[in-house]
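Work through the exercises below on helix packing and the nonpolar core. Try each task before reading its solution.

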Amino acid sequence: MIDDLCDEPCEEDIAIAMLYCDFRDQQKQTATNIIGAILRQLLVRGEVLESVQSAFQKAKTEVGGRGLRLPDMVRMLKRAIAALPQVFICIDALDECLPKNLLELLGSIKDILGESPRMRIFVTGRPQVEAEITRFFTTSVTIPISPKAHDIERYLEKKLEMDTEQYAMSDRLRADILRVIPERISGMCVGVLVPSSCMILY
Amino acid sequence: MDYTAYSHNTSFGDSNVNCNNVTNNHNKIINVNKVIADENPEIMQWLSPLDPRGRHQDVRMDRLDGVGSWLLGTKEFREWRSNEGGVDKAVLFCNGEPGVGKTHLR
């Protein structure tokens with residue numbers, strides 16, 4: 001999706017910041033660090049960069065005052081976004097954040113969005129985080145993701161093509177793999193994994 | 001030079017991939033943000049210890065072109081992308097169970 005935003009010819013310049021949440025990195029992925037990681041990606045030369053540089057120099061001289069607080073970070077990010085024409089922020093796997101961090105992060109994004117109405121936010125996560133998202137963004141749009149038969153077939157074909165142990169493969173086995181796996185997965189989709197509201201293209 | 005690069009291109013995180021949106025030529029050029037990051041490593045670390053660059057490259061390498069592209073054709077995605085609906089529709093949430101391919105959407 002990120003690459004597609006990049007590849008798409010468009011009339012105006014866009015800036016993209018992304019972050020992949022990871023349960024193995026939960027302790028480090030605080031709201032402050034996530035907002036900071038987004039800011040890192042959106043700094044361009046000019047007044048905003050200069051103000052970040054001077055805040056850093058100032059923090060260096062303060063005893064024990066080096067760390068940035070969330071409100072400072074949010075303020076700086078608002079300024080960085082205001083200096084850019086259009087900003088897209090993509091955050092993957094929100095459910096892998098600790099609940100406390102997730103709520104602080106969503107609250108901060110809401111605050112920033114209030115001053116940057118053209119900013120676009122793309123987030124992914126397991127269905128259970130939807131309640132948290134709609135708590136902060138009552139009009140957010142949800143698209144359920146499910147494996148599409150066409151995507152699975154394509155993926156399998158590629159994997160089989162790249163199989164390093166070709167001698168173990170026969171035409172029959174290959175045909176079985178290409179038939180059974182998409183069938184099973186799509187069966188799971190309709191019956192177990194996703195509700196009927198899901199957009200399934202079979 | 002790097003500022004000019006930004007002004008005609010998509011600034012893509014602090015990775016070094018940049019795309020020319022005029023010719024759609026997918027030029028790989030060092031973007032402004034990468035230059036700033038390289039010039040200010042201490043500041044970057046101070047802002048955040050998180051650097052999503054590596055993870056993004058892994059995901060890109062792993063992804064199969066075309067898989068998940070149905071998403072881009074949905075009405076919801078197009079409205080979100082084009083700013084129709086304004087701030088009310090600023091947040092797009094793609095949900096799904098583990099392993100359905102959310103990370104690798106194209």
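**Exercise 1.** Determine whether the crossing of α4(A) and α5(A) is left-handed or right-handed, then describe the contact.

Solution. The crossing of α4(A) and α5(A) is right-handed in this predicted model. Next, take the geometry. The axes of α4(A) and α5(A), the latter spanning residues 99-115, come within 10 Å and cross at roughly 35 degrees. Now list the residues. α4(A) supplies Leu70(A), Val74(A), Leu77(A), Lys78(A) and Ile81(A). α5(A) answers with Glu104(A), Ser108(A), Asp111(A), Ile112(A) and Glu115(A). Sorted by class, this contact has five nonpolar, one polar and four charged residues.

**Exercise 2.** Classify the packing of α2(A) and α4(A) by the angle between their axes.

Solution. Start with the axes of α2(A) (residues 31-42) and α4(A) (residues 70-82): they come within 9 Å and cross at roughly 25 degrees. Angles under 35 degrees count as roughly parallel, so α2(A) is roughly parallel to α4(A). The crossing is left-handed. On the α2(A) side, the contact residues include Ile35(A), Ile38(A), Leu39(A) and Leu42(A). On the α4(A) side, they include Met73(A), Leu77(A), Ala80(A) and Ile81(A). By class, the contact of α2(A) with α4(A) has 12 nonpolar, two polar and no charged residues.

**Exercise 3.** Find which residues have the most contacts inside the largest nonpolar core.

Solution. The largest nonpolar core has 61 residues. Those with the most contacts inside it are Leu19(A), Ile38(A), Leu39(A), Leu42(A), Leu77(A), Ala80(A) and Ile89(A). The largest share of this core, seven residues, comes from α2(A). Finally, follow Ile89(A). Leaving out residues up to four places away in sequence, Ile89(A) touches Ala17(A), Ile38(A), Met119(A) and Ile121(A).

Definitions and conventions
Residues numbered from 1 in each chain as written. Chains lettered and ligands numbered in written order. Predicted model: local features only at pLDDT ≥ 70, side-chain atom pairs only at ≥ 80, totals over all residues. Axes fitted to C-alpha atoms, helices over the stretch in contact; angles between N-to-C directions. Helix = DSSP H or I, 4+ residues; strand = E, 2+ residues; numbered from the N terminus. Parallel < 35°, antiparallel > 145°, perpendicular 65-115°, else oblique. Left-handed = near helix turned anticlockwise from the far one by under 90°. Contact = placed C-beta atoms within 7 Å. Nonpolar A, V, L, I, M, F, W, Y, C, P; charged D, E, K, R; others polar. Core = buried A, V, L, I, M, F, W, Y, C linked by C-beta atoms within 7 Å. Buried ≥ 20, exposed ≤ 12 C-beta atoms within 10 Å, placed from the backbone.
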